[in-house]
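Subject: Structure handover

Hi,

Here is the structure I promised to pass on. Have a look at it first, and then read on for my notes.

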Amino acid sequence: IRPYYKWIWFDNFKFVLTNPEFYRAFLNSIKWTILSITGQLLVGFIAALSLNKIPKFSGFYRTLLIIPWAFPSIVIALAWKWILNGVSGFIPNLLVNMGLASGLPQFLSDGSLVFGTLIFINIWFGAPMIMVNVLSALQTIPTDQYEAAQIDGASKLQQFKHITLPHIKVVVGLLVVLRTIWVF
């Protein structure tokens, strides 16, 4: 389009790598990823272990817990924006009415609240995927291994450490890699 170009070579890279804002944003991204993945793993893992032990209505509970992951991201974002709205949102008004807050908390605009709020929403959104995958891995563990461990006198913690974890570590590892890529 233009007959003459001014080549800047690596000036853009030099600018970014000498800009302190870049490093602050990068550290925020690292914090976001670590906190989100850790929270998703904990919540998803606990939910999967709990669902694996529930004999009645497990299908109902599974369906109920997978709802956040089943909706498109835009629907989730708009729903949370409505729930956390600083003027008419359900949660801020509930906190004020219960006497837990003197004014309406601004979850999505207050600098001290927004990062934690978004981490919570991301955990809520991503934990069901981990739950479903870990639950399916838990259901593939042969029950005779647990029975043999009980006969040998293994405690629940020993059974978890020597039977459950080795069977699901590949699934958990894959989930950590996939969720890290998606969250980062």
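Which residues lie nearest the centre of the largest pocket? They are Asn-52, Lys-53, Tyr-146, Gln-159 and Thr-164, out of 13 residues that line the pocket.

Before going further, the ground rules. This is a predicted model, so to speak with caution built in: local features need pLDDT of at least 70 and side-chain atom pairs count only at pLDDT 80 or more, while totals for chains, interfaces and linings use all residues. Residues are numbered from 1 along each chain as its sequence is written, and side-chain values use heavy atoms, with hydrogens and water left out.

**The pocket**

The largest pocket holds about 370 Å³ of space. For the method: on a 1 Å grid over the protein atoms alone, a pocket is an open set of points where a 1.4 Å probe fits, with protein on both sides within 12 Å along at least five of seven lines, and lining residues have an atom within 4 Å of a point. Grid points are joined across faces, edges and corners, and the volume is the space filled by probe spheres set on the points.

Helix H2 (20-53), helix H7 (143-151) and helix H8 (156-183) each give two or more residues to the lining; helices here are DSSP runs (H or I, at least four residues), numbered from the N terminus. H8 provides the largest share, four residues. Sorted by class, the lining has five nonpolar, six polar and two charged residues.

The largest nonpolar core has 17 residues, and Ala-48, Val-134, Leu-138 and Ile-168 have the most contacts inside it. A core here is a set of buried Ala, Val, Leu, Ile, Met, Phe, Trp, Tyr and Cys residues joined through side-chain atoms within 4.5 Å. Buried means under 20% relative accessible area, exposed over 50%, and partly exposed in between (1.4 Å probe, protein chains only). H2, H6 and H8 each supply at least two residues of this core, with the largest share, seven residues, coming from H6.

**Aromatic rings**

How many aromatic pairs does a search of the whole structure find? It finds ten. Rings of Phe, Tyr and Trp (its six-membered ring) pair if their centres lie within 6.5 Å; planes under 30 degrees apart count as stacked, over 60 as edge-to-face and the rest as tilted.

One of the pairs is Phe-10 with Phe-13, which is tilted, at 6.1 Å centre to centre and 50° between the planes. Both Phe-10 and Phe-13 are exposed. Trp-32 and Phe-115 make an edge-to-face pair, because their planes are at 65°, with the ring centres 6.4 Å apart. That pair links distant parts of the chain: Trp-32 sits in helix H2 and Phe-115 in helix H6 (residues 114-138), 83 residues apart. Trp-32 is partly exposed at 22% relative accessible area, and Phe-115 is partly exposed at 29%.

Elsewhere, Phe-22, Tyr-23, Phe-26 and Phe-184 form one aromatic cluster.

**A backbone angle to check**

Trp-9 has a phi near 55°, a positive value in a residue other than glycine. Most residues other than glycine have a negative phi. Trp-9 is in the segment before helix H1 (11-17), and it counts as exposed because its relative accessibility is 67%.

**Some distances**

- Phe-45, in helix H2, is buried at 18% relative accessibility. Phe-45 and Ile-130 are 85 residues apart in sequence and 6.9 Å apart in space, C-alpha to C-alpha.
- Ala-77 lies in helix H4 (residues 73-83) and is partly exposed at 42%.
- Ala-127, in helix H6, is buried, with a relative accessible area of 5%. The C-alpha atoms of Ala-127 and Ile-181 are separated by 15 Å, and the two are 54 residues apart along the chain.
- Thr-117 is also found in helix H6 and is buried at 9%. Thr-117 and Leu-157 are 40 residues apart along the chain, and their C-alpha atoms are separated by 34 Å.

Cheers

Conventions. Ala, Val, Leu, Ile, Met, Phe, Trp, Tyr, Cys and Pro count as nonpolar, Asp, Glu, Lys and Arg as charged, and the others, Gly among them, as polar.
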